[in-house]
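Welcome! Let's take a walk through this structure together, one stop at a time.

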Amino acid sequence: MAANDALTDVAGLRVGHAQVTGPRALTGTTVVLAPEGGVVAAVDVRGGGPATRETDALDPRNLVQRVEAVVLTGGSAYGLDSASGVMAWLEERGRGVRVGPDPAQVVPVVPAAGIFDLGRGGDWRIRPDAATGRTAVEAAAGTGSGAPVPEGGVGAGTGALVGRLKGGIGTASTLLDSGITVAALVVANAAGSAVDPLTGVLYGRYFSGRTEYPASERHEAARRILDELRARSGPAPLNTTLAVVATDAELTRAQAQKVAGTAHDGIARAVRPVHLLNDGDTVFALATGQHALAEGDPLALNEVLAAGADVVTRAIVRAVLTAEGIDGPGGAFPSYGDLYGLD
């Protein structure tokens with residue numbers, strides 16, 4: 001793994017979180033801020049019910065070449081308004097697609113995607129807005145290069161759930177033998193489960209070699225608690241897992257789109273089920289272009305593709321392990337640590 005085992009191990013990227021305040025608020029926004037001049041970006045949407053903004057602009061066939069920021073947010077489609085605050089902040093700094101002779105005449109393209117967390121804090125009408133987005137991008141801009149990224153119930157992960165467990169933000173990175181860094185930041189919020197019901201092991205840990213099994217007594221106790229919560233609260237919560245996968249490799253937009261697509265495999269390893277009609281599962285891919293792929297090797301992208309899926313899986317595990325349980329007006333959401341303990 002790279003220095004912080006975080007998205008910010010890709011040099012130039014910064015991450016900022018903001019939460020909506022209030023006793024019945026449980027939602028927020030996370031911004032991934034690119035270095036000035038932007039990064040190559042792409043997206044792959046696999047869920048059948050996405051809440052997104054400006055994803056068509058990332059189609060390799062279309063005009064926009066680079067983006068300055070990506071927004072991940074709570075609030076479902078309502079929360080996409082947070083991108084307006086990021087857009088305004090970028091415009092004030094002349095960052096965006098130049099559309100006129102004056103350098104100030106720019107249109108910042110800010111792709112965004114939202115998770116469903118409406119009412120998690122107890123008030124359906126509380127959701128992120130433009131002010132939340134501005135706070136998050138200011139937080140990102142205020143961090144140093146390579147800064148650690150807070151995980152768990154922060155930013156867009158504030159109200160996230162994974163099945164009946166508290167979800168949140170997770171991040172991970174890896175440094176390849178070629179010198180290329182690949183990293184991911186995930187908002188883990190899924191109707192599916194991250195926990196193998198037979199063993200209590202997080203699905204994602206089967207792919208990391210960390211497959212220690214919880215004591216059977218503890219697993220049975222956890223299952224009883226989750227069954228009770230299911231009986232009291234009815235159907236599984238609505239969902240969506242979001243990810244940003246980034247690399248310092250030099251990629252075309254078509255290559256970045258392939259990275260976004262294969263990174264969904266990382267979600268499928270860590271959460272079951274995924275990509276259903278009521279999911280909004282969305283992965284953005286960013287490439288800063290600091291390291292060229294091996295010249296003359298048509299398969300040089302493969303190591304980035306494989307690593308992208310791997311870091312997404314690890315980031316989901318991190319999101320579940322770092323989340324803290326909540327018992328508030330919107331309901332009781334225990335964490336994995338509450339039920340199984342943490343090693």
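Is H264 buried or exposed? At 0% relative accessibility, H264 counts as buried; buried means under 20% relative accessible area, exposed means over 50%, and partly exposed lies in between, using a 1.4 Å probe and protein chains only. Before going further, please note that this is a predicted model, in which local features need pLDDT of at least 70 and side-chain atom pairs count only at pLDDT 80 or more, while totals for chains, interfaces and linings use all residues. Residues are numbered from 1 along each chain as its sequence is written, and side-chain values use heavy atoms, with hydrogens and water left out.

You will find H264 in helix α4, residues 253-270. Helices here are DSSP runs of H or I with at least four residues, strands are runs of E with at least two, and both are numbered from the N terminus. Setting aside neighbours within four places in sequence, H264 is in contact with D44, V45, R46, H275, D281, T282 and V283, where contact means heavy atoms within 4.5 Å.

Next, let's look at a pair of helices. Two packed helices are described by the angle between their axes and the distance between the axes. For α1 (residues 82-92) and α2 (residues 130-141), the axes come within 6 Å and cross at roughly 50°. Axes are lines fitted to C-alpha atoms, for helices over the stretch in contact, with angles running from 0 to 180 degrees between N-to-C directions. On the α1 side, the contact is made by S82, S84, G85, V86, A88, W89 and E92, and on the α2 side by A130, G133, R134, V137, E138 and A141.

Our next stop is about rings. A search of the whole structure finds two aromatic pairs. One of them joins Y336 and Y340, stacked at 4.6 Å centre to centre with 20° between the planes. Rings of Phe, Tyr and Trp (its six-membered ring) pair if their centres lie within 6.5 Å, and planes under 30 degrees apart count as stacked, over 60 as edge-to-face and the rest as tilted. Because Y336 and Y340 are four residues apart in helix α6 (residues 336-340), they are separated by about one helical turn. Y336 is buried at 7% relative accessibility, and Y340 is buried too, at 8%.

Finally, visit G328 in strand β16, residues 326-328. At 30% relative accessibility, G328 is partly exposed.
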